[in-house]
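Subject: Structure handover and notes

Dear colleague,

My notes come after it.

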Amino acid sequence: MAETHDTTAARLRWLEELAEQALHPASERAVTRQRERGKLLARERLEKLLDPGSFVELDRFVRHREVEFDMRENRPWGDAVITGYGTIFGRKVFVFSQDFTVFGGSLSEVFAEKVCKVMDLAVKYGCPVIGINDSGGARIQEGVVSLAGYAEIFWRNVQASGVVPQISLVMGPCAGGAVYSPAITDFVLMVEETSYMFITGPDVVKTVTGEEVSFEELGGAATHATRSGVAHFTTPDEETCLEEARYLLSFLPQNNLETSPWAAPTDPVDREDPALDSIIPDSPNKPYDMKGVIERVVDDGELFEVQAHWAENIVCAFARLGGHPVGVVGNQPGALAGVLDIDASVKAARFVRTCDAFNIPLVTFVDVPGFLPGTAQEWGGIIRHGAKLLYAYAEATVPKLTVITRKAYGGAYDVMSSKHIRADFNVAWPTAEVAVMGPDGAVNIVFRSELAEAEDPDARRAELVAEYKERFANPYSAAERGYVDDVITPRRTRPVLVSALETALTKREPTPKRKHGNIPL
(Lines give C-alpha, C1' and ligand atoms only; values in the text may rest on other atoms or scores of the structure.)
Protein backbone atom coordinates (compact mmCIF):
# COMPACT_ATOMS: atom_id res chain seq x y z
CA MET A 1 0.00 0.00 0.00
CA ALA A 2 2.85 2.36 0.91
CA GLU A 3 4.58 1.46 -2.36
CA THR A 4 1.46 2.41 -4.35
CA HIS A 5 1.23 5.71 -2.48
CA ASP A 6 4.89 6.48 -3.22
CA THR A 7 4.45 5.62 -6.91
CA THR A 8 1.42 7.91 -7.20
CA ALA A 9 3.24 10.75 -5.46
CA ALA A 10 6.20 10.35 -7.79
CA ARG A 11 3.93 10.46 -10.82
CA LEU A 12 2.26 13.62 -9.54
CA ARG A 13 5.66 15.27 -9.03
CA TRP A 14 6.67 14.27 -12.54
CA LEU A 15 3.45 15.71 -13.97
CA GLU A 16 4.02 18.95 -12.08
CA GLU A 17 7.55 19.23 -13.48
CA LEU A 18 6.25 18.46 -16.96
CA ALA A 19 3.58 21.13 -16.64
CA GLU A 20 6.18 23.63 -15.48
CA GLN A 21 8.35 22.84 -18.49
CA ALA A 22 5.37 23.33 -20.78
CA LEU A 23 4.65 26.70 -19.21
CA HIS A 24 8.23 27.87 -19.73
CA PRO A 25 9.64 26.20 -22.86
CA ALA A 26 11.90 29.08 -23.91
CA SER A 27 15.50 29.66 -22.93
CA GLU A 28 16.38 32.50 -20.58
CA ARG A 29 18.38 34.14 -23.38
CA ALA A 30 15.38 34.16 -25.72
CA VAL A 31 13.16 35.60 -23.01
CA THR A 32 15.71 38.33 -22.25
CA ARG A 33 15.92 39.31 -25.92
CA GLN A 34 12.12 39.55 -26.11
CA ARG A 35 12.09 41.81 -23.06
CA GLU A 36 14.86 43.99 -24.50
CA ARG A 37 12.70 44.63 -27.55
CA GLY A 38 10.00 45.96 -25.23
CA LYS A 39 7.72 43.02 -26.01
CA LEU A 40 5.60 40.86 -23.75
CA LEU A 41 5.84 37.08 -23.74
CA ALA A 42 3.19 35.08 -25.58
CA ARG A 43 1.52 33.90 -22.38
CA GLU A 44 1.62 37.36 -20.81
CA ARG A 45 -0.23 38.75 -23.83
CA LEU A 46 -3.04 36.27 -23.39
CA GLU A 47 -3.27 37.03 -19.68
CA LYS A 48 -3.71 40.75 -20.42
CA LEU A 49 -6.11 40.16 -23.31
CA LEU A 50 -8.50 37.84 -21.48
CA ASP A 51 -10.49 38.28 -18.29
CA PRO A 52 -8.31 37.43 -15.26
CA GLY A 53 -8.10 33.70 -14.61
CA SER A 54 -10.29 32.76 -17.57
CA PHE A 55 -7.67 31.28 -19.92
CA VAL A 56 -7.88 27.55 -20.55
CA GLU A 57 -4.93 26.19 -22.53
CA LEU A 58 -5.28 23.48 -25.15
CA ASP A 59 -2.55 21.20 -26.55
CA ARG A 60 0.02 22.22 -23.95
CA PHE A 61 1.98 19.00 -24.43
CA VAL A 62 2.09 18.93 -28.21
CA ARG A 63 5.62 18.66 -29.66
CA HIS A 64 6.92 18.94 -33.20
CA ARG A 65 7.64 15.78 -35.15
CA GLU A 66 11.27 14.77 -35.30
CA VAL A 67 12.84 16.31 -38.39
CA GLU A 68 16.25 16.52 -39.95
CA PHE A 69 18.94 19.13 -39.32
CA ASP A 70 19.48 20.26 -35.74
CA MET A 71 16.02 19.83 -34.21
CA ARG A 72 15.86 16.19 -33.12
CA GLU A 73 17.08 16.95 -29.62
CA ASN A 74 15.13 20.20 -29.28
CA ARG A 75 11.42 19.46 -28.93
CA PRO A 76 9.87 21.94 -26.46
CA TRP A 77 6.37 21.31 -25.15
CA GLY A 78 3.68 23.25 -26.95
CA ASP A 79 6.01 24.09 -29.83
CA ALA A 80 5.96 27.82 -30.74
CA VAL A 81 2.32 28.77 -30.19
CA ILE A 82 -0.03 28.89 -27.20
CA THR A 83 -3.67 28.10 -27.94
CA GLY A 84 -6.89 27.89 -25.95
CA TYR A 85 -9.96 29.84 -24.95
CA GLY A 86 -11.12 32.31 -22.33
CA THR A 87 -13.49 35.22 -21.88
CA ILE A 88 -13.50 38.95 -22.66
CA PHE A 89 -16.12 40.88 -20.69
CA GLY A 90 -17.54 37.48 -19.81
CA ARG A 91 -18.00 36.40 -23.45
CA LYS A 92 -16.19 33.31 -24.74
CA VAL A 93 -13.38 33.72 -27.31
CA PHE A 94 -10.81 31.36 -28.80
CA VAL A 95 -7.22 32.55 -29.00
CA PHE A 96 -3.73 31.71 -30.17
CA SER A 97 -0.51 33.52 -29.38
CA GLN A 98 2.65 32.90 -31.38
CA ASP A 99 5.77 32.55 -29.21
CA PHE A 100 8.83 34.23 -30.71
CA THR A 101 11.05 32.87 -27.93
CA VAL A 102 10.59 29.31 -29.28
CA PHE A 103 12.20 28.79 -32.69
CA GLY A 104 11.54 32.44 -33.49
CA GLY A 105 7.80 31.72 -33.50
CA SER A 106 8.26 29.82 -36.78
CA LEU A 107 5.32 27.80 -38.04
CA SER A 108 5.63 24.02 -38.06
CA GLU A 109 3.20 21.24 -38.85
CA VAL A 110 2.00 20.87 -35.26
CA PHE A 111 1.97 24.65 -34.78
CA ALA A 112 -0.50 24.89 -37.66
CA GLU A 113 -2.53 21.97 -36.30
CA LYS A 114 -2.91 23.75 -32.95
CA VAL A 115 -4.07 26.98 -34.60
CA CYS A 116 -6.45 25.11 -36.91
CA LYS A 117 -7.99 23.31 -33.95
CA VAL A 118 -8.96 26.52 -32.12
CA MET A 119 -10.25 28.05 -35.35
CA ASP A 120 -12.43 24.99 -35.95
CA LEU A 121 -13.71 25.16 -32.37
CA ALA A 122 -14.47 28.88 -32.72
CA VAL A 123 -16.66 28.23 -35.77
CA LYS A 124 -18.24 25.16 -34.20
CA TYR A 125 -19.23 26.99 -31.02
CA GLY A 126 -19.90 30.38 -32.62
CA CYS A 127 -17.19 32.41 -30.86
CA PRO A 128 -14.74 35.07 -32.04
CA VAL A 129 -11.15 34.04 -32.70
CA ILE A 130 -8.21 36.33 -31.87
CA GLY A 131 -4.72 35.62 -33.16
CA ILE A 132 -1.57 37.26 -31.82
CA ASN A 133 1.12 37.24 -34.52
CA ASP A 134 4.83 37.32 -33.67
CA SER A 135 6.68 34.93 -35.95
CA GLY A 136 9.76 34.57 -38.11
CA GLY A 137 7.71 32.75 -40.76
CA ALA A 138 7.70 29.17 -42.01
CA ARG A 139 10.01 26.69 -40.27
CA ILE A 140 12.62 26.00 -42.93
CA GLN A 141 13.58 22.61 -41.45
CA GLU A 142 10.10 21.26 -42.17
CA GLY A 143 10.05 22.39 -45.79
CA VAL A 144 6.80 22.20 -47.69
CA VAL A 145 4.97 20.82 -44.63
CA SER A 146 5.10 24.25 -43.02
CA LEU A 147 3.75 25.82 -46.20
CA ALA A 148 0.88 23.34 -46.13
CA GLY A 149 0.22 24.44 -42.56
CA TYR A 150 -0.14 28.07 -43.66
CA ALA A 151 -2.57 27.07 -46.39
CA GLU A 152 -4.69 25.13 -43.90
CA ILE A 153 -4.94 28.26 -41.75
CA PHE A 154 -5.79 30.44 -44.76
CA TRP A 155 -8.57 28.06 -45.76
CA ARG A 156 -10.08 28.27 -42.29
CA ASN A 157 -9.82 32.08 -42.32
CA VAL A 158 -11.97 32.07 -45.43
CA GLN A 159 -14.48 29.55 -44.05
CA ALA A 160 -14.83 31.58 -40.84
CA SER A 161 -15.16 34.89 -42.69
CA GLY A 162 -18.55 36.43 -42.01
CA VAL A 163 -19.37 33.60 -39.59
CA VAL A 164 -17.41 34.59 -36.48
CA PRO A 165 -15.38 37.77 -35.90
CA GLN A 166 -11.67 37.31 -36.61
CA ILE A 167 -9.19 39.76 -35.10
CA SER A 168 -5.43 39.79 -35.74
CA LEU A 169 -2.96 41.46 -33.40
CA VAL A 170 0.44 41.92 -35.04
CA MET A 171 2.97 42.26 -32.22
CA GLY A 172 6.19 41.45 -34.01
CA PRO A 173 7.28 40.31 -37.45
CA CYS A 174 4.70 38.91 -39.87
CA ALA A 175 6.27 38.38 -43.26
CA GLY A 176 5.98 36.42 -46.47
CA GLY A 177 2.97 34.18 -46.88
CA ALA A 178 2.15 34.61 -43.19
CA VAL A 179 0.66 38.06 -43.87
CA TYR A 180 -2.29 36.62 -45.76
CA SER A 181 -3.94 35.22 -42.65
CA PRO A 182 -4.25 38.63 -40.92
CA ALA A 183 -5.21 40.18 -44.26
CA ILE A 184 -8.23 37.88 -44.52
CA THR A 185 -9.41 38.57 -40.97
CA ASP A 186 -11.87 41.32 -40.12
CA PHE A 187 -9.52 43.62 -38.21
CA VAL A 188 -5.75 44.08 -37.97
CA LEU A 189 -4.15 45.84 -35.00
CA MET A 190 -0.44 46.77 -35.03
CA VAL A 191 2.02 48.08 -32.46
CA GLU A 192 4.18 51.05 -33.42
CA GLU A 193 7.94 50.49 -33.74
CA THR A 194 7.86 46.75 -32.88
CA SER A 195 5.54 45.16 -35.45
CA TYR A 196 5.73 44.97 -39.22
CA MET A 197 4.11 43.18 -42.16
CA PHE A 198 5.40 42.72 -45.69
CA ILE A 199 5.49 40.15 -48.49
CA THR A 200 9.22 40.60 -49.15
CA GLY A 201 11.75 42.15 -46.78
CA PRO A 202 14.06 45.13 -47.32
CA ASP A 203 16.95 42.96 -48.57
CA VAL A 204 14.85 41.38 -51.31
CA VAL A 205 13.39 44.75 -52.25
CA LYS A 206 16.88 46.20 -52.65
CA THR A 207 18.03 43.24 -54.77
CA VAL A 208 15.03 43.33 -57.08
CA THR A 209 14.23 47.05 -57.37
CA GLY A 210 17.32 48.79 -56.02
CA GLU A 211 15.25 50.61 -53.39
CA GLU A 212 16.76 51.02 -49.93
CA VAL A 213 14.07 50.97 -47.25
CA SER A 214 13.94 50.14 -43.55
CA PHE A 215 11.70 47.54 -41.94
CA GLU A 216 9.57 50.32 -40.41
CA GLU A 217 9.24 52.27 -43.66
CA LEU A 218 8.42 49.17 -45.67
CA GLY A 219 5.89 47.51 -43.42
CA GLY A 220 5.67 49.20 -40.03
CA ALA A 221 2.49 50.18 -38.23
CA ALA A 222 2.59 53.79 -39.44
CA THR A 223 3.01 52.69 -43.06
CA HIS A 224 0.06 50.32 -42.96
CA ALA A 225 -2.08 52.84 -41.06
CA THR A 226 -1.50 55.74 -43.47
CA ARG A 227 -0.41 54.38 -46.87
CA SER A 228 -1.67 50.84 -47.47
CA GLY A 229 -4.75 50.70 -45.25
CA VAL A 230 -3.79 47.19 -44.07
CA ALA A 231 -3.86 48.17 -40.39
CA HIS A 232 -7.24 49.13 -38.94
CA PHE A 233 -5.78 50.29 -35.61
CA THR A 234 -2.30 51.17 -34.35
CA THR A 235 -1.18 51.67 -30.77
CA PRO A 236 2.01 52.94 -29.09
CA ASP A 237 2.54 49.79 -26.99
CA GLU A 238 1.35 46.23 -26.55
CA GLU A 239 -0.78 46.84 -23.46
CA THR A 240 -2.80 49.48 -25.32
CA CYS A 241 -3.14 47.16 -28.31
CA LEU A 242 -4.62 44.42 -26.13
CA GLU A 243 -7.03 46.90 -24.52
CA GLU A 244 -8.11 48.15 -27.96
CA ALA A 245 -8.86 44.57 -29.00
CA ARG A 246 -11.04 44.08 -25.94
CA TYR A 247 -12.91 47.32 -26.65
CA LEU A 248 -13.37 46.44 -30.32
CA LEU A 249 -14.95 43.14 -29.36
CA SER A 250 -17.57 44.97 -27.27
CA PHE A 251 -19.15 46.24 -30.53
CA LEU A 252 -19.25 42.83 -32.21
CA PRO A 253 -21.59 39.87 -31.76
CA GLN A 254 -20.35 36.38 -30.98
CA ASN A 255 -21.24 35.23 -34.49
CA ASN A 256 -23.33 36.05 -37.56
CA LEU A 257 -26.51 34.60 -36.04
CA GLU A 258 -26.47 36.93 -33.03
CA THR A 259 -26.69 40.66 -32.48
CA SER A 260 -24.13 42.82 -30.71
CA PRO A 261 -24.57 43.28 -26.95
CA TRP A 262 -26.90 46.10 -25.96
CA ALA A 263 -25.89 48.30 -23.01
CA ALA A 264 -28.31 50.58 -21.18
CA PRO A 265 -27.43 54.12 -22.36
CA THR A 266 -26.50 56.80 -19.85
CA ASP A 267 -27.03 59.42 -22.57
CA PRO A 268 -30.78 60.31 -22.88
CA VAL A 269 -32.20 58.94 -26.13
CA ASP A 270 -34.34 62.05 -26.60
CA ARG A 271 -31.44 64.46 -26.12
CA GLU A 272 -31.35 67.36 -28.59
CA ASP A 273 -28.22 69.36 -29.38
CA PRO A 274 -28.80 73.01 -30.37
CA ALA A 275 -25.16 73.34 -31.45
CA LEU A 276 -25.94 71.22 -34.52
CA ASP A 277 -28.24 73.95 -35.84
CA SER A 278 -25.25 76.19 -36.56
CA ILE A 279 -22.52 73.64 -37.28
CA ILE A 280 -22.84 73.88 -41.10
CA PRO A 281 -20.88 76.94 -42.40
CA ASP A 282 -22.74 79.60 -44.39
CA SER A 283 -20.37 79.12 -47.33
CA PRO A 284 -21.02 75.84 -49.18
CA ASN A 285 -17.29 75.52 -49.86
CA LYS A 286 -16.16 75.93 -46.27
CA PRO A 287 -15.16 72.68 -44.51
CA TYR A 288 -16.25 71.45 -41.10
CA ASP A 289 -15.49 68.33 -39.07
CA MET A 290 -17.99 65.52 -39.69
CA LYS A 291 -16.63 63.67 -36.67
CA GLY A 292 -17.81 66.58 -34.55
CA VAL A 293 -21.31 66.14 -35.98
CA ILE A 294 -21.33 62.39 -35.32
CA GLU A 295 -20.01 62.79 -31.78
CA ARG A 296 -22.92 65.12 -30.95
CA VAL A 297 -25.40 62.46 -32.08
CA VAL A 298 -24.10 59.12 -30.75
CA ASP A 299 -24.15 57.93 -27.13
CA ASP A 300 -21.83 59.96 -24.89
CA GLY A 301 -19.97 61.33 -27.92
CA GLU A 302 -17.86 58.15 -28.12
CA LEU A 303 -16.50 57.08 -31.51
CA PHE A 304 -14.16 54.14 -32.09
CA GLU A 305 -12.74 55.06 -35.46
CA VAL A 306 -11.50 52.39 -37.89
CA GLN A 307 -8.55 53.16 -40.22
CA ALA A 308 -8.51 56.70 -38.86
CA HIS A 309 -5.35 57.78 -40.74
CA TRP A 310 -6.05 56.24 -44.15
CA ALA A 311 -8.50 57.74 -46.66
CA GLU A 312 -9.35 60.48 -44.19
CA ASN A 313 -11.97 61.93 -46.56
CA ILE A 314 -14.37 59.32 -45.21
CA VAL A 315 -15.00 58.39 -41.58
CA CYS A 316 -15.74 54.81 -40.53
CA ALA A 317 -16.33 54.14 -36.87
CA PHE A 318 -18.17 52.09 -34.31
CA ALA A 319 -20.43 53.86 -31.83
CA ARG A 320 -23.61 53.25 -29.84
CA LEU A 321 -27.02 54.74 -30.46
CA GLY A 322 -29.56 54.25 -27.73
CA GLY A 323 -27.30 51.54 -26.32
CA HIS A 324 -27.16 49.61 -29.62
CA PRO A 325 -23.80 49.20 -31.39
CA VAL A 326 -23.84 50.79 -34.86
CA GLY A 327 -21.40 51.25 -37.70
CA VAL A 328 -21.08 54.90 -38.73
CA VAL A 329 -19.94 56.08 -42.16
CA GLY A 330 -19.57 59.78 -42.93
CA ASN A 331 -18.04 61.92 -45.66
CA GLN A 332 -15.41 64.22 -44.15
CA PRO A 333 -15.58 67.78 -45.61
CA GLY A 334 -12.37 68.57 -43.73
CA ALA A 335 -10.34 66.28 -46.03
CA LEU A 336 -10.50 66.59 -49.83
CA ALA A 337 -13.88 68.31 -49.37
CA GLY A 338 -15.34 64.88 -48.54
CA VAL A 339 -15.13 63.57 -52.12
CA LEU A 340 -15.16 59.85 -52.79
CA ASP A 341 -11.92 58.55 -54.27
CA ILE A 342 -10.46 55.08 -54.74
CA ASP A 343 -9.17 54.62 -51.17
CA ALA A 344 -12.28 56.08 -49.53
CA SER A 345 -14.53 53.82 -51.60
CA VAL A 346 -12.56 50.69 -50.69
CA LYS A 347 -12.32 51.65 -47.02
CA ALA A 348 -16.04 52.32 -46.63
CA ALA A 349 -17.08 49.29 -48.72
CA ARG A 350 -15.10 46.92 -46.53
CA PHE A 351 -16.50 48.50 -43.36
CA VAL A 352 -20.10 48.35 -44.64
CA ARG A 353 -19.73 44.68 -45.57
CA THR A 354 -18.20 43.86 -42.17
CA CYS A 355 -21.11 45.50 -40.36
CA ASP A 356 -23.62 43.74 -42.58
CA ALA A 357 -21.96 40.35 -42.04
CA PHE A 358 -22.33 40.71 -38.27
CA ASN A 359 -25.77 42.31 -38.04
CA ILE A 360 -24.53 45.77 -37.03
CA PRO A 361 -26.89 48.58 -38.19
CA LEU A 362 -25.41 51.30 -40.39
CA VAL A 363 -25.78 55.05 -39.91
CA THR A 364 -24.53 57.22 -42.78
CA PHE A 365 -23.85 60.97 -42.68
CA VAL A 366 -23.73 62.44 -46.19
CA ASP A 367 -21.89 65.53 -47.37
CA VAL A 368 -20.39 64.50 -50.69
CA PRO A 369 -19.73 66.72 -53.73
CA GLY A 370 -19.07 63.70 -55.96
CA PHE A 371 -16.23 61.43 -57.02
CA LEU A 372 -12.70 62.80 -57.33
CA PRO A 373 -11.94 63.69 -60.98
CA GLY A 374 -8.61 63.27 -62.77
CA THR A 375 -6.55 60.83 -64.78
CA ALA A 376 -4.95 59.27 -61.69
CA GLN A 377 -8.37 58.25 -60.39
CA GLU A 378 -9.79 57.17 -63.74
CA TRP A 379 -6.73 55.14 -64.70
CA GLY A 380 -6.55 53.75 -61.18
CA GLY A 381 -10.05 52.31 -61.57
CA ILE A 382 -12.34 54.69 -59.69
CA ILE A 383 -15.27 53.20 -61.64
CA ARG A 384 -14.50 49.73 -60.34
CA HIS A 385 -13.59 50.81 -56.83
CA GLY A 386 -16.50 53.23 -56.50
CA ALA A 387 -18.78 50.39 -57.55
CA LYS A 388 -17.57 48.41 -54.54
CA LEU A 389 -19.13 50.93 -52.18
CA LEU A 390 -22.35 51.01 -54.18
CA TYR A 391 -22.43 47.20 -54.16
CA ALA A 392 -21.75 47.00 -50.43
CA TYR A 393 -24.59 49.36 -49.50
CA ALA A 394 -27.03 47.74 -51.95
CA GLU A 395 -26.12 44.27 -50.70
CA ALA A 396 -26.43 45.15 -46.99
CA THR A 397 -29.61 43.92 -45.31
CA VAL A 398 -29.04 45.42 -41.85
CA PRO A 399 -30.99 48.53 -40.81
CA LYS A 400 -29.64 51.49 -42.80
CA LEU A 401 -30.23 55.07 -41.63
CA THR A 402 -29.04 58.10 -43.58
CA VAL A 403 -28.67 61.79 -42.71
CA ILE A 404 -27.88 64.29 -45.48
CA THR A 405 -26.23 67.27 -43.82
CA ARG A 406 -25.18 69.34 -46.84
CA LYS A 407 -24.10 68.28 -50.34
CA ALA A 408 -25.38 65.11 -52.00
CA TYR A 409 -24.43 65.45 -55.64
CA GLY A 410 -24.54 63.15 -58.63
CA GLY A 411 -23.78 59.46 -58.50
CA ALA A 412 -22.19 59.91 -55.09
CA TYR A 413 -25.67 60.74 -53.73
CA ASP A 414 -26.92 57.38 -55.00
CA VAL A 415 -23.93 55.49 -53.60
CA MET A 416 -24.07 56.92 -50.07
CA SER A 417 -26.95 54.82 -48.72
CA SER A 418 -29.70 56.55 -50.69
CA LYS A 419 -33.32 55.45 -50.61
CA HIS A 420 -32.89 54.03 -54.11
CA ILE A 421 -30.46 51.36 -52.93
CA ARG A 422 -32.86 50.48 -50.14
CA ALA A 423 -31.85 52.53 -47.14
CA ASP A 424 -34.62 52.30 -44.53
CA PHE A 425 -34.88 55.81 -43.11
CA ASN A 426 -33.44 58.86 -44.88
CA VAL A 427 -33.63 62.33 -43.40
CA ALA A 428 -32.09 65.64 -44.44
CA TRP A 429 -31.18 68.87 -42.73
CA PRO A 430 -32.53 72.13 -44.21
CA THR A 431 -28.97 72.84 -45.38
CA ALA A 432 -28.97 69.74 -47.61
CA GLU A 433 -28.46 70.13 -51.35
CA VAL A 434 -29.65 67.11 -53.33
CA ALA A 435 -28.89 67.59 -57.02
CA VAL A 436 -27.11 66.21 -60.04
CA MET A 437 -24.23 68.62 -59.47
CA GLY A 438 -23.39 71.91 -57.80
CA PRO A 439 -25.22 75.08 -58.92
CA ASP A 440 -22.20 76.68 -60.64
CA GLY A 441 -21.36 73.61 -62.68
CA ALA A 442 -24.99 72.97 -63.61
CA VAL A 443 -25.57 76.54 -64.80
CA ASN A 444 -22.37 76.55 -66.87
CA ILE A 445 -23.51 73.39 -68.69
CA VAL A 446 -27.25 73.95 -69.06
CA PHE A 447 -27.08 77.64 -69.96
CA ARG A 448 -23.79 77.67 -71.86
CA SER A 449 -25.26 79.23 -75.01
CA GLU A 450 -27.32 81.80 -73.14
CA LEU A 451 -24.33 82.91 -71.07
CA ALA A 452 -22.17 83.22 -74.19
CA GLU A 453 -24.70 85.60 -75.75
CA ALA A 454 -25.50 87.62 -72.60
CA GLU A 455 -24.44 91.24 -72.40
CA ASP A 456 -23.31 90.73 -68.78
CA PRO A 457 -22.47 87.00 -68.41
CA ASP A 458 -21.46 87.31 -64.75
CA ALA A 459 -24.71 88.99 -63.72
CA ARG A 460 -26.81 86.52 -65.70
CA ARG A 461 -24.84 83.59 -64.25
CA ALA A 462 -25.52 84.88 -60.73
CA GLU A 463 -29.26 85.05 -61.47
CA LEU A 464 -29.33 81.54 -62.90
CA VAL A 465 -27.32 80.13 -59.97
CA ALA A 466 -29.79 81.70 -57.52
CA GLU A 467 -32.71 80.19 -59.44
CA TYR A 468 -31.04 76.76 -59.52
CA LYS A 469 -30.37 76.85 -55.78
CA GLU A 470 -33.97 77.78 -55.05
CA ARG A 471 -35.33 75.03 -57.24
CA PHE A 472 -32.87 72.16 -56.87
CA ALA A 473 -30.16 72.81 -54.24
CA ASN A 474 -32.35 71.99 -51.28
CA PRO A 475 -33.84 68.86 -49.70
CA TYR A 476 -37.47 69.59 -50.53
CA SER A 477 -37.44 68.45 -54.16
CA ALA A 478 -36.21 65.05 -52.98
CA ALA A 479 -38.70 65.06 -50.10
CA GLU A 480 -41.58 65.73 -52.52
CA ARG A 481 -40.83 62.42 -54.21
CA GLY A 482 -40.27 60.48 -51.01
CA TYR A 483 -36.53 60.09 -51.58
CA VAL A 484 -36.08 61.77 -48.20
CA ASP A 485 -38.49 60.72 -45.46
CA ASP A 486 -38.30 63.99 -43.55
CA VAL A 487 -36.48 67.30 -43.34
CA ILE A 488 -35.53 67.80 -39.71
CA THR A 489 -33.91 70.50 -37.64
CA PRO A 490 -30.32 69.36 -36.97
CA ARG A 491 -30.75 69.47 -33.19
CA ARG A 492 -33.30 66.63 -33.43
CA THR A 493 -30.96 64.24 -35.23
CA ARG A 494 -30.24 62.00 -32.25
CA PRO A 495 -33.84 61.32 -31.14
CA VAL A 496 -34.94 60.85 -34.76
CA LEU A 497 -32.18 58.29 -35.41
CA VAL A 498 -32.76 56.42 -32.16
CA SER A 499 -36.46 56.11 -32.95
CA ALA A 500 -35.73 54.96 -36.51
CA LEU A 501 -33.18 52.42 -35.29
CA GLU A 502 -35.54 50.95 -32.70
CA THR A 503 -38.13 50.56 -35.44
CA ALA A 504 -35.74 48.98 -37.94
CA LEU A 505 -34.19 46.43 -35.56
CA THR A 506 -36.82 43.84 -36.51
CA LYS A 507 -36.05 44.25 -40.22
CA ARG A 508 -36.23 41.11 -42.35
CA GLU A 509 -34.89 41.44 -45.87
CA PRO A 510 -35.54 38.59 -48.34
CA THR A 511 -32.67 38.02 -50.74
CA PRO A 512 -32.58 36.15 -54.07
CA LYS A 513 -31.29 32.58 -54.02
CA ARG A 514 -27.76 32.45 -55.36
CA LYS A 515 -24.38 31.05 -54.45
CA HIS A 516 -22.95 34.55 -53.96
CA GLY A 517 -22.83 37.85 -55.76
CA ASN A 518 -19.88 38.99 -57.85
CA ILE A 519 -18.62 42.20 -56.24
CA PRO A 520 -16.33 44.19 -58.58
CA LEU A 521 -13.02 43.44 -56.87
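The notes go from the whole chain to salt bridges, surface patches and loops.

The model is predicted, so local features need pLDDT of at least 70 and side-chain atom pairs count only at pLDDT 80 or more, while totals for chains, interfaces and linings use all residues. Residues are numbered from 1 along each chain as its sequence is written, and side-chain values use heavy atoms, with hydrogens and water left out.

Whole chain

The protein chain has 20 helices and 17 strands; these are DSSP runs numbered from the N terminus, with helices being H or I of at least four residues and strands being E of at least two. Along the principal axes, the C-alpha atoms fill a box of roughly 110 × 55 × 45 Å. Of the 521 residues, 51% are buried. Here buried means under 20% relative accessible area, exposed means over 50%, and partly exposed is in between (1.4 Å probe, protein chains only).

Among contacts (heavy atoms within 4.5 Å) with a separation of 6 or more, 74% come from residues 24 or more positions apart. The chain exposes about 24600 Å², and carbon and sulfur atoms supply 54% of that area. Accessible areas come from the Shrake-Rupley method with a 1.4 Å probe; for residues, only the protein chains shown count as cover.

There are 54 positive and 74 negative side chains, and the centres of the two sets lie 5 Å apart. Lys and Arg count as positive and Asp and Glu as negative, with His and the chain ends not counted. Each charge is placed at NZ of Lys, CZ of Arg, CG of Asp or CD of Glu.

Salt bridges

Side chains of opposite charge can pair when their charged atoms come close. The whole structure holds 26 salt bridges, each defined as a side-chain nitrogen of Lys or Arg within 4 Å of a carboxyl oxygen of Asp or Glu.

One of them joins Arg-43 and Glu-57, whose closest N and O atoms are 2.7 Å apart. This pair links distant parts of the chain, with Arg-43 in helix α3 (residues 42-49) and Glu-57 in strand β1 (residues 56-58), 14 residues apart. Both Arg-43 and Glu-57 are buried.

Another is formed by Asp-367 and Arg-406, at 3.0 Å from N to O. This pair also links distant parts of the chain: Asp-367 is in strand β13 (residues 362-368) and Arg-406 is in strand β14 (residues 400-409), 39 residues apart. Asp-367 counts as buried because its relative accessibility is 1%. Arg-406 is buried as well, with a relative accessible area of 5%.

Lys-507 pairs with Glu-509, and here the closest N and O atoms are 3.7 Å apart. Lys-507 counts as buried at 15% relative accessibility, whereas Glu-509 is partly exposed at 39%. Elsewhere, salt bridges that share partners join Lys-39, Arg-45, Asp-134 and Glu-238 into one network.

Surface patches

Patches are made of residues with over 30% relative accessible area and no salt bridge; like charges are joined within 9 Å, and nonpolar side chains (Val, Leu, Ile, Met, Phe, Trp, Tyr) within 5 Å. Glu-192, Glu-193, Asp-237 and Glu-239 form a negative patch. Asp-237 is in the loop between β9 (233-235) and α10 (238-249), and counts as partly exposed at 30% relative accessibility.

A nonpolar patch consists of Val-144, Val-145 and Leu-147, which together have about 270 Å² of accessible area. Val-145 lies in helix α5 (residues 144-160) and is partly exposed at 34% relative accessibility.

Loops

Which residues does Arg-422 touch, leaving aside those up to four places away in sequence? They are Lys-400 and Lys-507. Arg-422 is in the loop between α15 (410-415) and β15 (425-428), and counts as exposed because its relative accessibility is 56%. Its C-alpha atom is separated by 26 Å from that of Ala-337, 85 residues apart along the chain.

Gln-307 is in the loop between β10 (304-305) and β11 (314-321). Its phi is near 50°, a positive value in a residue other than glycine, and Gln-307 is buried, with a relative accessible area of 6%. Ala-311 lies in the loop between β10 and β11. Ala-311 has a positive phi of about 50° although it is not a glycine, and counts as buried at 11% relative accessibility.

Regards
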